[in-house]
Amino acid sequence: MTSDRDREFAEFVAVSSVALQRTAFLVCADRDHAADAVQEALYRLYVSWPKFQRASNPMAYARRAVVNAAVDAGRRPWRRERVVGELPESPSEDSTGRHAVRDELLSALRALPPRRRACVALRYYEDLTIEETADILGCSIGTVKSQTARGLETLRKTLIAQRTQELQPTPIAPNR
């Protein structure tokens, strides 16, 4: 029986791991934390495999486990990041510029609180309905609507501010 359980779980992981990684990355905005969140969620799913198999929408159940693991990890004091004015290292410049918009958007997503980031990611990247998002996050439909609206407004303002800042001329210091 355990070998059947292991085989079924391995099949589920093979089929769903890419989607779960994407969801976790969009919630965490960090590949390493996303990988940790998916591992934690898969561990929890394996432990509760019989209950998971009875779920009416297993993928929604799995996404909820990933989102919960990602949000829980951010609450742990030893995992919190500190915001600094200047990054210690700069990313390498993309000579083609194909990823500039993506980088701007990910930077703006990182600025959102985890719950809003989860709402925006599930609604617009995972293309889930309001009801599915509310089910995954364990909140009301109204909460999803308000958190998504606030998240989109913050993203809009952040992206406009980034673009405006790029257009500002750099002041030249006088020689002394």
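Predicted model: local features only at pLDDT ≥ 70, side-chain atom pairs only at ≥ 80, totals over all residues.
User: How many helices and strands does the chain have?

Analyst: Helices (H or I, at least four residues) and strands (E, at least two) are DSSP runs, numbered from the N terminus. Here there are 8 helices and 0 strands, so the pattern along the sequence reads α-α-α-α-α-α-α-α.

User: How do I read the way two helices pack, say α5 and α6?

Analyst: Look at their axes, which are lines fitted to C-alpha atoms, for helices over the stretch in contact; angles run from 0 to 180 degrees between N-to-C directions. Angles under 35 degrees count as roughly parallel, over 145 as roughly antiparallel, 65 to 115 as roughly perpendicular and the rest as oblique. Helix α5 (residues 100–110) packs on α6 at an angle of about 140°, and their axes are 10 Å apart. That angle makes α5 oblique to α6. On the α5 side the contact (heavy atoms within 4.5 Å) uses Leu105, Leu109 and Arg110, and on the α6 side Arg117, Val120 and Tyr125.

User: Which residue classes make up the contact of α5 with α6?

Analyst: Ala, Val, Leu, Ile, Met, Phe, Trp, Tyr, Cys and Pro count as nonpolar, Asp, Glu, Lys and Arg as charged, and the others, Gly among them, as polar. The contact of α5 with α6 has 4 nonpolar, no polar and 2 charged residues.

User: At what angle do α6 and α7 cross?

Analyst: Helix α6 (residues 114–125) and helix α7 (residues 130–137) cross at roughly 140°, with axes that come within 10 Å. They are therefore oblique to each other. From α6, Arg115, Ala118, Cys119, Leu122 and Arg123 meet Ile130, Thr133, Ile136 and Leu137 of α7. This contact has 6 nonpolar, 1 polar and 2 charged residues.

User: Which residues of α6 are buried?

Analyst: Buried means under 20% relative accessible area, exposed over 50%, and partly exposed in between (1.4 Å probe, protein chains only). In α6 the buried residues are Arg117, Ala118, Cys119, Val120, Ala121, Leu122 and Arg123. Across the chain, buried residues make up 31% of the 176 residues. Just after α6, Asp127 takes a positive phi of about 60°.

User: What does Gln147 touch, leaving aside its neighbours within four places in sequence?

Analyst: Gln147 lies in helix α8 (residues 141–167). Its relative accessibility is 14%, so Gln147 counts as buried. Beyond those neighbours, Gln147 is in contact with Arg115, Arg116 and Cys119.

User: How many salt bridges are there?

Analyst: A salt bridge is a side-chain nitrogen of Lys or Arg within 4 Å of a carboxyl oxygen of Asp or Glu. By this rule the count comes to 7 salt bridges. One of them joins the side chains of Glu126 and Arg22 (3.0 Å, N to O). Glu126 has 8% relative accessibility and so counts as buried, while Arg22, at 40%, counts as partly exposed.

User: How far apart are the closest N and O atoms of Glu126 and Arg63?

Analyst: They are 3.1 Å apart, and Glu126 forms a salt bridge with Arg63. Arg63 lies in helix α4 (residues 58–75), so this pair ties together parts that are 63 residues apart in sequence. Arg63 is buried, with a relative accessible area of 12%.

User: Where do Lys157 and Glu153 lie?

Analyst: Both lie in helix α8, 4 residues apart, about one turn of the helix. In general, an α-helix has 3.6 residues a turn, so residues three or four places apart point the same way. The side chains of Lys157 and Glu153 meet in a salt bridge (4.0 Å, N to O). At 53% relative accessibility Lys157 counts as exposed, whereas Glu153, at 33%, counts as partly exposed.

Notes: Residues numbered from 1 in each chain as written. Heavy atoms only, no water.
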